[in-house]
Amino acid sequence: MVFDAILERAGLADISEKVRAGQRLSSDDGLRLYACDDLPLLGYMANIVRERLNGDTTYYVRNQHINYTNICNKLCKFCSFYVKPKDERGYVLNPEQVAQRVREYAEIPITEIHMVGGVNPKLPYDYYIDVLRAMKEARPEAHLKAFTMIEIAQIQRIAKKPLEEVFADMKAAGLESLPGGGAEVFSDRVQSDLFWTKADSEDWLAIAASAHRSGLPSNATMLYGHIENTQEKVYHLTRLRDVQDDTGGFLAYIPLSFHPERTELADLPGPTGCLDLKEVAIGRLMLDNFPHVKTFWIMNTIEISQTALWYGADDIDGTVMDYEITRRSYDETQQRLTQREFLDRIVEAGRRPVERDTLYNVVDDSALVAAGG
Ligand code: V47
């Protein structure tokens with residue numbers, strides 16, 4: 001058969017067998033997948049896993065992003081969002097201002113608020129708790145997803161309490177899950193060059209595991225397309241998989257496509273569309289215990305994300321209206337799609353759009369679809 005010949009040529013017949021049988025891939029398999037340039041073949045294999053787990057569904061969420069401060073003392077070379085403490089462009093939203101941002105979206109039927117910020121050493125513990133409370137009061141029905149593991153490391157430091165107590169305080173204030181940011185690439189080499197002041201890989205994983213055990217699920221990301229190598233990426237994926245075996249608390253894996261513009265790494269070319277698709281596919285193939293793989297269309301572009309729906313991704317994130325992490329390095333108009341356009345793009349890609357909430361419960365969007373909105 002032609003397909004067998006393609007697999008033989010790529011040297012991936014044994015991996016394809018494992019994928020069909022639902023068997024776990026090894027680190028060595030992961031390296032071989034990265035070495036393969038037959039992108040459609042990787043997509044074909046990843047799509048087997050995608051359809052086994054999620055059929056032809058493409059999940060999306062209606063959410064609001066809020067960044068409570070851009071001041072950060074972590075100085076990550078890949079970031080264009082932060083300013084240093086004392087920089088006059090720095091801002092901090094107080095709890096009432098955050099609640100006001102939430103109220104501005106009152107007419108939009110969002111189900112999730114996604115809030116993250118810089119690591120701002122001036123903010124006291126109570127600030128974080130008060131912000132959560134203010135948001136929950138402003139929009140009680142919306143799910144609060146907030147603070148990366150890196151922010152949690154800082155918050156625990158100033159709280160001077162065990163993590164479990166910090167999470168208990170936050171849950172009481174309205175926190176329901178954590179986003180997947182701040183993981184970057186689990187590599188001491190990359191960390192020592194690009195984000196040397198941040199919590200290291202094992203800390204990120206330990207905080208994630210602790211959140212899961214406290215009843216707070218999270219996502220997980222990997223930032224690719226800068227100075228990382230394939231060994232480091234395979235290690236990253238296998239460590240996420242290990243923790244997921246222990247806790248089962250990761251909802252989705254999100255490969256994040258690096259945008260070099262206006263960062264200290266602006267001389268790097270950044271990832272290509274081929275790499276974007278390859279990361280989605282290999283993430284889907286390696287992370288057999290992750291229920292979902294998300295293509296974050298704001299960073300991947302809607303066009304690559306449409307294609308990624310056949311390369312392992314079953315989630316396209318949201319109808320994000322304000323995304324600041326990469327906004328200054330990005331044409332703003334690319335961030336805006338109406339709900340109708342967004343759904344049409346999923347249908348055009350041959351998939352079935354399904355609105356979800358943060359925990360992947362299906363939200364009834366029939367009224368919206370009937371209204372053509
Ligand atoms: O932690 C920073 C990354 C992350 C750049 O959990 C950059 O549902 C690309 O984690 N180019 C924040 N990426 C975004 C994030 C996220 C996004 C969407 C959904 C979810 C989720 C999480 O963005 C940061 C960092 O890893 N980042 N700078 C950049 N120049």
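Modeller: Start at Tyr 59, which stands opposite Val 354 in β10. This is a predicted model, where local features need pLDDT of at least 70, side-chain atom pairs count only at pLDDT 80 or more, and totals for chains, interfaces and linings use all residues. Residues are numbered from 1 along each chain as its sequence is written, and side-chain values use heavy atoms, with hydrogens and water left out.

Colleague: Which residue in β9 is the bridge partner of Tyr 59?

Modeller: Strands here are DSSP runs of E, at least two residues, and helices are runs of H or I, at least four, numbered from the N terminus. Two strands pair if DSSP finds at least two bridges between them. On β9, the partner of Tyr 59 is Asp 315.

Colleague: And how many bridges join β1 to β10?

Modeller: β10 covers residues 352-355 and runs parallel to β1. The number of bridges joining them is 4.

Colleague: Is strand β1 largely enclosed or open?

Modeller: Buried means under 20% relative accessible area, exposed over 50%, and partly exposed in between (1.4 Å probe, protein chains only). Thr 57, Tyr 59 and Val 61 point one way, Thr 58 and Tyr 60 the other, and all are buried. With 5 of the 5 residues buried, β1 is therefore largely enclosed.

Colleague: Which residues does Gly 90 contact, leaving aside neighbours within four places in sequence?

Modeller: Gly 90 sits in the loop between β2 (63-67) and α5 (95-104), and is partly exposed at 27%. Counting heavy atoms within 4.5 Å as contact, its partners are Asn 70, Ile 71 and Val 83.
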